[in-house]
Amino acid sequence: MDLTRQQQQRSLASACRGPSPFPRRPWMSETGVAAAAAASGNLGLKGVIAGGITGGIEICITYPTEYVKTQLQLDGKAGAGKEYTGIADCVTKTIKTRGFFGLYRGLSVLLYGSIPKSAVRFGAFESVKKQLVDADGKLNPQRRLFAGLCAGVCEAIFAVTPMETIKVKFINDQRSANPRFRGFFHGVGMIVKEHGFKGVYQGVVPTILKQGSNQAIRFFVMETLKDWYKGGDNTKSVPKVVVGAFGAVAGAASVFGNTPIDVIKTRMQGLEASKYKSSMDCVVQVWKKEGPMAFYKGTIPRLGRVCLDVAITFMIYDSFMELFNKVWP
């Protein structure tokens with residue numbers, strides 16, 4: 001009887017209190033906290049893996065345009081050092097003398113480097129972005145630029161500088177009458193033997209400037225266009241074709257913004273880099289001997305490559321991130 005009365009009293013008290021104003025919050029439990037932390041921590045790792053896969057696929061598609069761009073940037077203004085009259089002439093002469101796959105000379109260097117480069121870029125961006133987003137999961141314009149800048153600086157130091165230096169030396173080697181590099185490891189061995197470890201880190205300052213400005217511009221434009229398309233609704237997905245179009249716009253913006261830096265970087269990483277005392281000396285010499293337009297050499301082939309590159313990169317990356325978010329909570 002007493003037990004029944006106690007149960008009735010508890011029921012009455014519960015009814016008087018009404019529904020709890022503090023509903024159950026799964027994320028406040030130990031299991032929920034661990035799951036939320038794991039999901040947040042996985043973001044950078046997902047970016048690293050998705051970025052690495054993306055980099056390998058992208059470079060296999062776009063490498064010939066990179067080859068032509070580098071050849072035109074290494075070309076002299078006139079006389080004996082001038083080999084090509086333009087893009088078509090470069091492509092024609094390369095295929096005629098070395099076959100179609102001559103346009104893929106140095107691909108192995110970029111393939112070995114593009115995977116870690118893209119992995120570092122997207123992993124760094126996702127990690128920095130995670131720290132900077134507001135309560136609504138958004139970045140303001142300044143933070144977008146900063147997150148992109150951090151991604152570019154990281155990839156420049158850890159992947160791009162040695163990769164680009166070796167790539168330019170390989171392409172530069174092919175321009176000689178008797179190329180010396182028989183393959184990737186043989187070429188790298190010769191570069192280190194002749195120039196020391198710094199031989200694969202030439203042009204590190206212009207590379208940091210280039211990659212930092214590149215990714216700051218690209219991620220800023222991309223994130224801004226995505227936010228505009230979503231209209232404030234973070235749950236709204238962006239079609240892959242639209243992502244590709246936004247990527248092309250972001251790529252074009254970065255080309256016009258930093259091609260002069262890219263030209264100086266290429267000169268400082270070539271086999272004739274020793275004729276320049278520093279990056280600033282390279283700027284002065286190019287300006288005096290070749291004129292201001294020399295800083296925009298290779299803009300057209302770079303524009304074609306970069307627009308295609310960035311469009312493909314963001315499309316592939318977004319696809320893998322969507323897949324990972326489904327199968328890897």
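These are my notebook entries on a predicted model.

**Ground rules.** I number residues from 1 along each chain as its sequence is written. In this predicted model, local features need pLDDT of at least 70 and side-chain atom pairs count only at pLDDT 80 or more, while totals for chains, interfaces and linings use all residues; side-chain values use heavy atoms, with hydrogens and water left out.

**Overall fold.** I looked up the secondary structure first. The protein has ten helices and zero strands. Helices (H or I, at least four residues) and strands (E, at least two) are DSSP runs, numbered from the N terminus. I then checked burial: 46% of the 329 residues count as buried. Buried means under 20% relative accessible area, exposed over 50%, and partly exposed in between (1.4 Å probe, protein chains only). Next came contacts, meaning heavy atoms within 4.5 Å. Of those between residues at least 6 apart in sequence, 77% join residues at least 24 apart.

**H5 against H6.** Helix H5 covers residues 141-174 and helix H6 covers residues 184-195. They pack at an angle of about 100°, with axes 11 Å apart. Axes are lines fitted to C-alpha atoms, for helices over the stretch in contact, and angles run from 0 to 180 degrees between N-to-C directions. H5 is therefore roughly perpendicular to H6. The cut-offs: under 35 degrees is roughly parallel, over 145 roughly antiparallel, 65 to 115 roughly perpendicular, and the rest oblique. H5 brings Ile166, Lys169 and Phe170 to the contact. H6 brings Phe184, Gly187, Val188, Ile191 and His195. I sorted the contact by class: five nonpolar, two polar and one charged residues. Here Ala, Val, Leu, Ile, Met, Phe, Trp, Tyr, Cys and Pro count as nonpolar, Asp, Glu, Lys and Arg as charged, and the others, Gly among them, as polar.

**H7 against H8.** Helix H7 (residues 204-230) and helix H8 (residues 240-269) pack at about 170°, with axes 8 Å apart. H7 and H8 are therefore roughly antiparallel. Their contact divides into 15 nonpolar, nine polar and five charged residues.

**Lys226.** I followed this residue in H7. Lys226 is buried, at 14% relative accessible area. Beyond four places in sequence, Lys226 touches Val238, Val243, Phe246 and Asp318.

**Asp309.** I asked which helix holds Asp309. Asp309 lies in H10, residues 299-327. Asp309 counts as buried, at 7% relative accessibility. Residues up to four places away set aside, Asp309 touches Glu58 and Thr62.

**Gly123.** This glycine is in helix H4, residues 107-132. Gly123 is buried, with a relative accessible area of 4%. I checked Leu45, 78 residues away along the chain: the two C-alpha atoms are separated by 6.4 Å. Leaving out neighbours within four places, Gly123 contacts Gly44, Gly47 and Val48.

**Rings.** I found 14 aromatic pairs in the structure. Rings of Phe, Tyr and Trp (its six-membered ring) pair if their centres lie within 6.5 Å; planes under 30 degrees apart count as stacked, over 60 as edge-to-face, and the rest as tilted. Trp287 and Phe295 make a tilted pair, 6.2 Å centre to centre, with 40° between the planes. Trp287 counts as exposed, at 52% relative accessibility. Phe295 counts as buried, at 8%. I also noted one aromatic cluster of Phe122, Phe125, Phe219, Phe314 and Tyr317.

**Charge over a ring.** The charged end of Lys236 sits over the ring of Tyr229, 4.7 Å from its centre. The test is NZ of Lys or CZ of Arg within 6 Å of the ring centre and within 35 degrees of the ring normal.
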